[in-house]
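Let's take a friendly walk through this model, one region at a time. Keep the structure open beside you as you read.

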Amino acid sequence: MATAAHQVAATFLSFLSSSTHHLAPSSVSLGTTSVLPVSLRAAGTRGPRLAYRLRGRRVGAAVAQLPTTHPEVVSGEKKIRWSSRAVRSFAMAELEARKMRYPTTGTEGLLMGILVEGTSGAAKLLRANGITLLKVREEAANVLGKSEMFYFSPMHPPLTEAAQRALDWAVNEKLKSGEDGEVNANHLLLGIWSDDESAGHKILYSLGFDDVKASLLAKTADEEAAMSPR
């Protein structure tokens, strides 16, 4: 009996081994649940990569540049600096997108990243108004739906168009101010709020955020940027 069982197990393992070479590359089905296509999962390899260097527990903002399509920055005509808090928020946004099993990092991910980082003026304002990470996660699932159980996000989920617009808005607002300092998480949150159609804006609105709170945040954004360490 034992020999027969071993033979069956060996046959089954051999079948699995040979089957992996014949799976269709476009999708994989587990029971009745479809996993997202390989082409979509592969999009993560083309997404922006965050280049930063860890020094103790701090991220050196001087060596970190978040992705932007702002023409003056892309051409090198203008230089910007991102605060370490903004950089950490972006890194946490990618992580939150992976936790939610989303194929991309959207404005909802950026919002969650700000809350996970937790030390910026933006995060403190959100918490003071009852906007917490758990509430944002719940609203994100309501707005965008839940991902499939067996789907795994790419290591660096690429930005959605709305998330890229939020980053570009933050850069543009900093450049328009004409003041020295860094682009920080406050600018990033205002960039999320600036797009009425984005998931992040809808989540914020549903949780009680409004233009009055955004105006209050805008007043402190440049003050915090000016006080940021070089």
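## Ile80 and its loop

At 10% relative accessibility, Ile80 counts as buried, a label that means under 20% relative accessible area, with exposed meaning over 50% and partly exposed in between (1.4 Å probe, protein chains only). Ile80 sits in the loop between α3 (71-74) and α4 (84-99). Not counting residues up to four places away in sequence, Ile80 touches Gln65, Val73, Val171, Leu175 and Val183; contact here means heavy atoms within 4.5 Å.

Ser83 is buried because its relative accessible area is 5%. The side chain of Ser83 reaches the backbone nitrogen of Ala86 at 3.1 Å. This is judged as a polar contact: a pair of N or O atoms within 3.5 Å, where within protein one must be able to donate a hydrogen and the other to accept it, and residues adjacent in sequence count only if both atoms are side-chain atoms.

## The model as a whole

This is a predicted model, in which local features need pLDDT of at least 70 and side-chain atom pairs count only at pLDDT 80 or more, while totals for chains, interfaces and linings use all residues. Residues are numbered from 1 along each chain as its sequence is written, and side-chain values use heavy atoms, with hydrogens and water left out.

The protein chain has 11 helices and four strands, taken from DSSP runs (helices: H or I, at least four residues; strands: E, at least two) and numbered from the N terminus. Of the 230 residues in the protein chain, 42% are buried. Among contacts in the protein chain with a separation of 6 or more, 71% join residues 24 or more positions apart.

## Helix α6 and its buried side

In helix α6 (residues 121-128), the buried residues are Ala122, Ala123, Leu125 and Leu126. They are on the same side of α6 because they cover an arc of only 160 degrees around the axis, the arc being that of the directions from the helix axis to the C-beta atoms. An α-helix has 3.6 residues a turn, so residues three or four places apart point the same way. After α6 comes Gly130, with a positive phi near 75 degrees.

## Helix α9

α9 is mostly covered, with nine of its 10 residues buried. Among the buried ones are His187, Leu190, Ile192 and Trp193.

## Gly200 in α10

Is Gly200 buried or exposed? Gly200 counts as buried, because its relative accessibility is 0%. Gly200 is part of helix α10 (residues 199-206). Leaving aside neighbours within four places in sequence, Gly200 contacts Thr107, Glu108, Leu111 and Ile192. Ala162 is 38 residues from Gly200 in sequence, and the two are 9.0 Å apart in space, C-alpha to C-alpha.

## What lines the second largest pocket

By class, the lining of the second largest pocket has six nonpolar, two polar and two charged residues. Ala, Val, Leu, Ile, Met, Phe, Trp, Tyr, Cys and Pro count as nonpolar, Asp, Glu, Lys and Arg as charged, and the others, Gly among them, as polar.
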